[in-house]
Amino acid sequence: MANKIAVAEAAAERSFADAYAILFHALSDPTRLTILRHLVGGEHRVRDLVDHLGLAQSTVSAHLRCLRDCGLVVSRPEGRSSWFSLSSPEDLTKLLTVALPLLPVSEGADLRTHLFAHASQGGA
Ligand SMILES: [Zn+2]
């Protein structure tokens with residue numbers, strides 16, 4: 001019985017770790033982070049992100065697929081295109097803000113300036 005509980009606990013620990021790993025995998029790519037931070041400003045279509053971020057359409061589409069698969073981004077169809085938005089904008093903003101003290105010092109300083117400038121402009 002005790003062994004069964006230990007096995008169940010180990011499995012729970014693994015799925016907990018897996019869930020975090022999936023989340024942090026989604027956040028492990030600079031382009032995905034750029035897209036996520038841009039979506040804090042509101043809903044975009046692929047073509048808007050291509051225009052606003054100067055990225056290739058195939059790049060934007062591939063990253064959006066990843067972000068949607070892991071649940072950070074949701075989409076809704078409209079006509080022939082889809083609108084993409086953050087599933088939890090407040091929580092994502094909180095997570096990125098909480099991580100600021102963990103960033104390398106010089107980049108952290110730049111990011112803080114950028115984030116606060118972005119916040120005072122009100123997003124996109
Ligand atoms: Zn934009």
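Thr31 lies in helix 2 of a predicted model, in which helices (H or I, at least four residues) and strands (E, at least two) are DSSP runs, numbered from the N terminus. Residues are numbered from 1 along each chain as its sequence is written. Because the model is predicted, local features need pLDDT of at least 70 and side-chain atom pairs count only at pLDDT 80 or more, whereas totals for chains, interfaces and linings use all residues. Thr31 is partly exposed, with 14 other C-beta atoms within 10 Å; a residue is buried if 20 or more other C-beta atoms lie within 10 Å of its own, exposed if 12 or fewer, and partly exposed in between, with C-beta atoms placed from the backbone. Leaving aside neighbours within four places in sequence, Thr31 is in contact with Leu55, Thr59 and His63, two residues being in contact if their C-beta atoms, placed from the backbone, lie within 7 Å. Thr31 and Thr59 are separated by 28 residues in sequence and by 8.7 Å in space, C-alpha to C-alpha.

The secondary structure of the chain comprises six helices and three strands, and from the N terminus the elements follow the order α-α-β-α-α-β-β-α-α. Of the 124 residues in the chain, 12% are buried. Among contacts between residues at least 6 apart in sequence, 51% join residues at least 24 apart.

In helix 2 (residues 30–39), the buried residues are Arg32, Ile35, Leu36 and Leu39. These residues are on the same side of helix 2, because they cover an arc of only 100° around the axis; the arc is that of the directions from the helix axis to the C-beta atoms.

Two packed helices are described by the angle between their axes and the distance between the axes. Helix 2 packs against helix 4 at an angle of about 80°, with the axes 10 Å apart. Axes are lines fitted to C-alpha atoms, for helices over the stretch in contact, and angles run from 0 to 180 degrees between N-to-C directions. Helix 2 is therefore roughly perpendicular to helix 4, given that angles under 35 degrees count as roughly parallel, over 145 as roughly antiparallel, 65 to 115 as roughly perpendicular and the rest as oblique. Thr31, Arg32, Ile35 and Leu36 of helix 2 make this contact with Thr59, Val60, His63, Leu64, Cys66 and Leu67 of helix 4. By class, the contact of helix 2 with helix 4 has six nonpolar, three polar and one charged residues; Ala, Val, Leu, Ile, Met, Phe, Trp, Tyr, Cys and Pro count as nonpolar, Asp, Glu, Lys and Arg as charged, and the others, Gly among them, as polar.

Helix 2 also packs against helix 3 (residues 46–53), at an angle of about 105° and with the axes 11 Å apart. This angle makes helix 2 roughly perpendicular to helix 3. The contact of helix 2 with helix 3 has three nonpolar, three polar and no charged residues. Thr34, Ile35 and His38 in helix 2 here meet Leu49, His52 and Leu53 in helix 3.

The three strands form an open sheet in the order 1-3-2, with antiparallel pairing. Strand 1 (44–45) and strand 2 stand at the edges, each with a single partner strand, so one side of each is left without a neighbour in the sheet. Two strands pair if DSSP finds at least two bridges between them. Strand 1 and strand 3 pair over two bridges in the antiparallel sense, and Arg45 has Trp83 as its bridge partner in strand 3. Strand 2 (residues 73–78) is joined to strand 3 by six bridges, and these strands run antiparallel. Arg76 stands opposite Trp83, and Val74 has Ser85 as its bridge partner. Strand 2 and strand 3 form a hairpin with two residues between them, and Gly79 in the turn has a positive phi of about 60°. Helix 4 (residues 57–69) lies across strand 2 and strand 3, running at about 115° to strand 2.

Leu86 is found in strand 3 (residues 81–86). Leu86 is buried, with 22 other C-beta atoms within 10 Å. Beyond its neighbours within four places in sequence, Leu86 is in contact with Leu36, Leu39, Val40, Leu72, Val73 and Leu92. Leu86 and His44 are 42 residues apart in sequence and 9.9 Å apart in space, C-alpha to C-alpha.
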